Amino acid sequence: MKHEPFNESTEMYLKTVSELSADDEHVPISLLARHLGVSTVSATEMVHRLEDQGLVEHTPYKGIFLTADGNRRATEVIRSHQLWECFLADHLQLPWERVHELACRLEHATDHDVTDALADFLDHPTSCPHGNPIPDADGNAVATAGVALNRVETGQQGVLHAIHPESTVLLEYLARHKLKPGRAITVKEIAPFNGPITVLVDGEEQTIGQEAAGHIFLRLREG
């Protein structure tokens, strides 16, 4: 279904709410504001506008979640974004950590016909370069199981399969530590009092902060 275009700010809010929501939980406005780099007051004003448009529902002291229409719009933006990431990384050979920021610009200037043509050109990839599932034209995506690195115990091993949610600062940080999907990870040490996590990345030792570790998802090895 085609919709009349939204402005870039509206699309960014809907996309960010979708990325921050987990298990259909409410997203606190303070968390939304932090991820978008705006004040809580500005985020609250925008949330009220989105609520008036029937795109989100807001529960005081709990946060917001997307309505069915809001979720459809967010999914369309996410699909466009991730397909551009694939094109930029796989066909233009741009650095893995840079394609997120570039796709953020392209996603707002891409209509449905271009998104569908891009999906055809790329042979309908199912995941982006950062390991996250790409919705199809109907908004369906194959969920991938994983455990956040900050929930993994010392000695456990796995393969890094996704970074979520993405940000340019996070991806550049992970690139410096050679952390990207497909890398073998072994948890060597977890510092006490919520301290950093020391891991082996394909046998090379790296130290990762707890906040970053919460965005790194592993597919753990059994046994």
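Is Tyr-61 buried or exposed? Let's start there, and then walk through the rest of the model together.

Quick housekeeping. This is a predicted model, where local features need pLDDT of at least 70, side-chain atom pairs count only at pLDDT 80 or more, and totals for chains, interfaces and linings use all residues. Residues are numbered from 1 along each chain as its sequence is written, and side-chain values use heavy atoms, with hydrogens and water left out.

Okay, back to Tyr-61. Tyr-61 is exposed, at a relative accessible area of 89%. The words here have cut-offs: buried is under 20% relative accessible area, exposed is over 50%, and partly exposed is in between, using a 1.4 Å probe and protein chains only. You'll find Tyr-61 in the loop between β1 (56-59) and β2 (63-66). When I say helix or strand, I mean DSSP runs numbered from the N terminus: H or I over at least four residues for helices, E over at least two for strands.

Tyr-61 also has a positive phi of about 70°, and it isn't a glycine. Most residues other than glycine have a negative phi, and most peptide bonds are trans. Asn-194 goes the positive way too, with a phi of about 60°. Asn-194 sits in the loop between β5 and β6 and counts as exposed at 62% relative accessibility. Across from Asn-194, Glu-211 is 17 residues away in sequence and 9.7 Å away in space, C-alpha to C-alpha. Glu-211 belongs to helix α8 and is exposed as well, at 66%.

And where is the cis peptide bond? It joins His-164 and Pro-165, with omega at about -15°. Pro-165 lies in the loop between β4 and α7.

Now the helices. Two packed helices are described by the angle between their axes and the distance between the axes. Axes here are lines fitted to C-alpha atoms, for helices over the stretch in contact, and angles run from 0 to 180 degrees between N-to-C directions. Take helix α1 (residues 8-20) and α4: their axes come within 8 Å and cross at roughly 90°. So α1 and α4 are roughly perpendicular. For the angle words, under 35 degrees is roughly parallel, over 145 roughly antiparallel, 65 to 115 roughly perpendicular, and the rest oblique.

Who touches whom? Contact means heavy atoms within 4.5 Å. On the α1 side we have Glu-11, Leu-14, Lys-15, Ser-18 and Glu-19, and they meet Gly-70, Arg-73, Ala-74, Val-77, Ile-78 and His-81 in α4. By class, that contact has 4 nonpolar, 3 polar and 4 charged residues. The classes go like this: Ala, Val, Leu, Ile, Met, Phe, Trp, Tyr, Cys and Pro are nonpolar, Asp, Glu, Lys and Arg are charged, and the others, Gly among them, are polar.

Helix α1 also meets helix α3 (residues 40-52), with axes that come within 11 Å and cross at roughly 95°. That makes this pair roughly perpendicular too. Here Ser-9, Thr-10, Tyr-13 and Leu-14 in α1 meet Ser-42, Ala-43, Met-46 and Leu-50 in α3. This contact has 5 nonpolar, 3 polar and no charged residues.

Thr-75 is buried, at 13%. Leaving aside neighbours within four places in sequence, Thr-75 contacts Pro-135 and Gly-139.

What about aromatic pairs? A search of the whole structure finds 2 of them. In one, the rings of Trp-84 and Phe-87 have centres 5.8 Å apart and planes at 85°, so the pair is edge-to-face. The rule is that rings of Phe, Tyr and Trp (its six-membered ring) pair if their centres lie within 6.5 Å; planes under 30 degrees apart are stacked, over 60 edge-to-face, and the rest tilted. Trp-84 and Phe-87 are 3 residues apart in α4, so about one helical turn separates them. Ring pairs link Trp-84, Phe-87 and Phe-121 into a cluster.

Last stop, the core. A nonpolar core is a set of buried Ala, Val, Leu, Ile, Met, Phe, Trp, Tyr and Cys residues joined through side-chain atoms within 4.5 Å. The largest has 19 residues, and Ile-163 is one of those with the most contacts inside it. A second, separate core of 17 residues includes Ala-33, Leu-55, Val-56 and Ile-64.
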